[in-house]
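Keep the viewer open and follow along.

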Protein chains: 2
Amino acid sequence: MVQKKEIVILTGDRPTGSLHLGHYVGSLLNRIQLQEKYKQFIIIADAQALTDNWEHPEKIRKNVLEVALDYLAVGIDPDKSTIFIQSMIPQIAELTVFYLNLVTVSRLKRNPTVKTEIQQRGFGEVVPAGFLVYPVSQAADITVVKGNLVPIGEDQLPMIEQTNEIVRAFNRIYPGDVLVEAEALIPKVPRLPGIDGKAKMSKTLNNAIFLNDSIDILADKVMSMYTDPGHIRVEDPGKVEGNVVFTYFDVFDPDEKEVAWLKEHYRRGGLGDVTLKQRLIEVLNTFLEPIRERRKQLAKDPAYVMKLLSEGTEKTQVVAEQTMQEVRKAMSLDYYNGRERR
Amino acid sequence: MVQKKEIVILTGDRPTGSLHLGHYVGSLLNRIQLQEKYKQFIIIADAQALTDNWEHPEKIRKNVLEVALDYLAVGIDPDKSTIFIQSMIPQIAELTVFYLNLVTVSRLKRNPTVKTEIQQRGFGEVVPAGFLVYPVSQAADITVVKGNLVPIGEDQLPMIEQTNEIVRAFNRIYPGDVLVEAEALIPKVPRLPGIDGKAKMSKTLNNAIFLNDSIDILADKVMSMYTDPGHIRVEDPGKVEGNVVFTYFDVFDPDEKEVAWLKEHYRRGGLGDVTLKQRLIEVLNTFLEPIRERRKQLAKDPAYVMKLLSEGTEKTQVVAEQTMQEVRKAMSLDYYNGRERR
């Protein structure tokens, strides 16, 4: 009889800001679905966020709560998904230190994702060591819970490669096949563009609609959305392709007939951008209102949210310590059983 | 009233082999004296030893016990010194990860000690990340117990500089002056040469007399000792300066009058190397015999030695967790009080 491998998902975010519709489409929705079928760990990667925010720990601290509020508001269920805070799992740091021996500096410098990010941040040769080695710490995040399925964007594939290189090196050197290779789960949904029409919605690019944007802010943002620059007068025919407003209709308007009719009308001419955008505002509000409402309720009781996080973190600690004991045994570092921790 | 700062010593060894007379003269003797006056932590740096022995963990494991036996045999008293195993203190790994953000890769590459060691090991550009960053993990070793006095050889001064740079950066960025700068304590005693006359006694150079060498091995080693190459016949006058045998007499023969007489006789001629060496064998055996005897007794009960190590490690964990809680508070990472650990 072939034993079916249990699927363990590791996913999460750096707590550097509130989450936006791009996160919803790209990962949150996926997680809400995955939690129904699989064991799912969601990491709030505060220690990793510090690798390029080390001078602003209070920002990270604040956003741990914001991100948790976003998670719960969109429907990530702490009874189904285990949400945990990275820095509260010392085993991740311990694994990171051991894994650093299995990766060369030149290998880390060749990582295309890190390479790009180092350029974007203008670090050059003065890159902080913590930033250069963060893929090693990601390998620790994944392997500490024995995650074998990691939902990521295509641009993050080098991270999975780095993780699996470490897993293979570890299992080759230390007996017992303790670590598990991870597979990337690349979502099929296209990326949600920013309101300015740029391919990526991001806080830094200032083109994001946040899950907790108020009705007024949402209206302002939709009204400033990129449409068809050739569509000057209402009666002109307009282009639907590359028109961000329609991309959002496709994603957020459950009434497909309406969307088809709007596209046809817009192409024909006679449908003004303002009218169109007012309808999108309604659609987005219908989608966001229950999320806003849940978020508002939860935000009144941050202690409750922290309690949920601490429970998820404690559950993760148990799994992490189990992995760590296997790692220590494989590495001949199991000096005495049941090491005391204080 | 000026409050006197408590002196906390952090010292220790990588468990890569048994300790030898060079260690005794250069550090162990010092520790035996320091433990009478100060709070002293002695780290058995197994995780650091793995940074260039990652493929041989069983060697490190074995030598943790060997080094502990050497410590106890020479008179390091576990009631006075706190001996602990590095990898059993997860807080060291946690601090290392945080400190990595405060050090640039180029700074690490400029560290003269590491630079030399990378050359010696022939790592070149394929240096393992763990090896390049080990000075950061040393900063964690020292600061986790708030060590403020670190006995080192002069060649290790860059390590203290690196530690203090991290301490200053941390205290500048994160409030509360949590971390403490360390001072180097450079022993005045000259380094004990190897039996081949080379400046440094080392296992790698194969010129060491180990604390646990048997009577026979000791005799062989002394008989092969470098003396005065110009001293061919017994009746020839011999040189005392640079003559390793006399360096050892100076250190290990408590009878200064005898040593003066031997030097005078050797210079004059008529004192053969064999006779001289036979006397040194006696002197060294007088010194080593009680150490060998204690070591033999202790080696019969490795469980007892591990118990002593686990007690020291648990004592260190309490101190380390205290530091960690202050660090977490300063870094705004104190999400909830008294984090549970399993």
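Let's start with Leu50(B), which counts as buried because it has 30 C-beta neighbours inside 10 Å, where 20 or more is enough. Keep in mind that this is a predicted model. Leu50(B) sits in helix 2 of chain B. What does Leu50(B) touch, leaving aside its neighbours within four places in sequence? The contacts are Pro57(B) and Ile60(B) from chain B, plus Asn101(A) from chain A. For a sense of scale, the C-alpha atoms of Leu50(B) and Val103(B) are 21 Å apart, and 53 residues separate the two along the chain.

That touch on Asn101(A) leads us to the place where the chains meet. Chain A puts 52 residues into the contact, and chain B puts in 52 residues. On the chain B side, the helices that each supply at least two residues are helix 2 (46-50), helix 3 (57-74), helix 4 (90-99), helix 5 (105-110), helix 7 (129-132), helix 8 (134-144) and helix 14 (302-330). Which of the helices of chain B gives the most to this side? Helix 14 of chain B does, with six residues. Sorted by class, the side of chain B that touches chain A holds 29 nonpolar, 11 polar and 12 charged residues.

Now for the symmetry. In general, two copies of a chain are related by a rotation about an axis and a shift along it.

Next, the core. In soluble globular proteins, nonpolar side chains tend to be buried together. The largest nonpolar core in this model has 190 residues, and the members that touch the most others are Ala68(A), Tyr99(A), Ala68(B) and Tyr99(B). Not counting residues up to four places away in sequence, Ala68(B) touches Ile44(B), Ile83(B), Val305(B) and Leu309(B).

| Helix pair | Crossing angle | Axis separation |
|---|---|---|
| Helix 11 (residues 244-252) and helix 13 (residues 273-299) of chain A | about 35° | 10 Å |
| Helix 11 (residues 244-252) and helix 13 (residues 273-299) of chain B | roughly 35° | within 10 Å |

The crossing of helix 11 and helix 13 is left-handed in chain A, and that of helix 11 and helix 13 in chain B is left-handed too. Are Val244(B), Val245(B), Phe246(B), Tyr248(B) and Phe249(B) of helix 11 buried or exposed? These residues of helix 11 of chain B are buried. The buried residues of that helix pack against helix 12 (256-268) as well as helix 13 of chain B.

Key:
Residues are numbered from 1 along each chain as its sequence is written. Chains are lettered from A and ligands numbered from 1 in the order in which they are written. This is a predicted model: local features need pLDDT of at least 70, side-chain atom pairs count only at pLDDT 80 or more; totals for chains, interfaces and linings use all residues. Two residues are in contact if their C-beta atoms, placed from the backbone, lie within 7 Å. Helices (H or I, at least four residues) and strands (E, at least two) are DSSP runs, numbered from the N terminus. Ala, Val, Leu, Ile, Met, Phe, Trp, Tyr, Cys and Pro count as nonpolar, Asp, Glu, Lys and Arg as charged, and the others, Gly among them, as polar. Axes are lines fitted to C-alpha atoms, for helices over the stretch in contact, and angles run from 0 to 180 degrees between N-to-C directions. A crossing is left-handed if the near helix is turned anticlockwise from the far one by less than a right angle, and right-handed if clockwise. A nonpolar core is a set of buried Ala, Val, Leu, Ile, Met, Phe, Trp, Tyr and Cys residues joined through C-beta atoms within 7 Å. A residue is buried if 20 or more other C-beta atoms lie within 10 Å of its own, exposed if 12 or fewer, and partly exposed in between; C-beta atoms are placed from the backbone.
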